[in-house]
Amino acid sequence: MMAIKILVTVFVLFVKHSTGAEQGHQSKRLLMNDPDHVETLLHQMQVEIQNLKSKVETQEKQIHTLQTSPGQGSGATYVRWGRKECPGNNTELVYSGYAAGGYYNEEGSAAEYICLPPDPNLGATWSDSHYGSIYGAEYESDGFGGGLWNDDVPCAVCRSTTASHTLMIAAKNQCYDGWSTEYVGELAGGHHLHKAASSFVCVDKNPDEIIGGEAGQDGKLFYPIKTVCGSLKCPPYHNNRLLPCVVCSR
């Protein structure tokens, strides 16, 4: 495409110089039979082509810079459950907070886990009976790192400075080709007999706890997730096996 543009420009320049200010076939023949005029015209064409090449090279460098250097507005974000900091692999910490959600045994509870910031801007006191509720979250099993049962769960919101997409993959502990690993963990969610719905999240394989949050007060709970064969294809899956997870980016 760029080569065509250059040829068109050269052709236009050629026509402009070949016609000049005079009109008619006789003037064209005189101009083209003048060696000095032809030499001047060719030199001007060479200069124009060189200028166009320089512009193309500059534009190609600008395109390469934009493709390889994400701007301030780009970068994928994700939550690292169970940790207070980001992995450090080309990531920056947006904030370190507290895992929370709806009460584990209330039918109207929200399903998702949420990472609350440590410096909230709170609204008015609410005494009306029409409300939803949010609670802190606890590990409800020693399956996360060992010895964390009833401990409150931290979380970190992270931004990748090099990636534009993130993906949590359950039942894998490594990313597929072309994707980079943000962190590896254990798949977690709610208890299968509790009333409240929940979602699946990836708790870091080396989980941390919030200091001072050892008391068991329930709230939003994290349980490890095991497989149940039936409609789940076994093999490749097997019954009663805990699932790992990995958060990937690209």
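**Notes on the core and its strands**

1. Trp81, Tyr113, Tyr139, Phe144 and Phe222 form one aromatic cluster. Please keep in mind that this is a predicted model. The count of aromatic pairs comes to 8.

2. Tyr113 also has a charged neighbour: Lys220 sits over the face of its ring, 4.8 Å from the ring centre.

3. Which residues touch the most other members of the largest nonpolar core? They are Trp81, Val203 and Phe222, in a core of 26 residues. At least two residues of this core come from each of β1 (77-81), β4 (135-139), β5 (154-160), β7 (180-189), β8 (201-204) and β10 (244-249). The largest share, 4 residues, is supplied by β5. As general background, nonpolar side chains in soluble globular proteins tend to be buried together.

4. Trp81 deserves a look of its own. Leaving aside residues up to four places away in sequence, Trp81 touches Ala99, Tyr113, Ile114, Cys115, Pro154, Cys155, Tyr183, Val201, Cys202, Val203, Asp204 and Phe222.

5. Now to the pairing of β4. Strand β2 (residues 91-101) runs antiparallel to β4, and 2 bridges join them; Gly101 stands opposite Tyr135 in β4. With strand β9 (residues 220-224), β4 pairs in the parallel sense over 3 bridges. Here Tyr139 has Phe222 in β9 as its bridge partner, and both residues belong to the aromatic cluster from the opening point.

Conventions: Residues are numbered from 1 along each chain as its sequence is written. This is a predicted model: local features need pLDDT of at least 70, side-chain atom pairs count only at pLDDT 80 or more; totals for chains, interfaces and linings use all residues. Side-chain values use heavy atoms; hydrogens and water are left out. A nonpolar core is a set of buried Ala, Val, Leu, Ile, Met, Phe, Trp, Tyr and Cys residues joined through side-chain atoms within 4.5 Å. Buried means under 20% relative accessible area, exposed over 50%, partly exposed in between (1.4 Å probe, protein chains only). Contact means heavy atoms within 4.5 Å. Rings of Phe, Tyr and Trp (its six-membered ring) pair if their centres lie within 6.5 Å; planes under 30 degrees apart count as stacked, over 60 as edge-to-face and the rest as tilted. A charge sits over a ring if NZ of Lys or CZ of Arg is within 6 Å of the ring centre and within 35 degrees of the ring normal. Two strands pair if DSSP finds at least two bridges between them.
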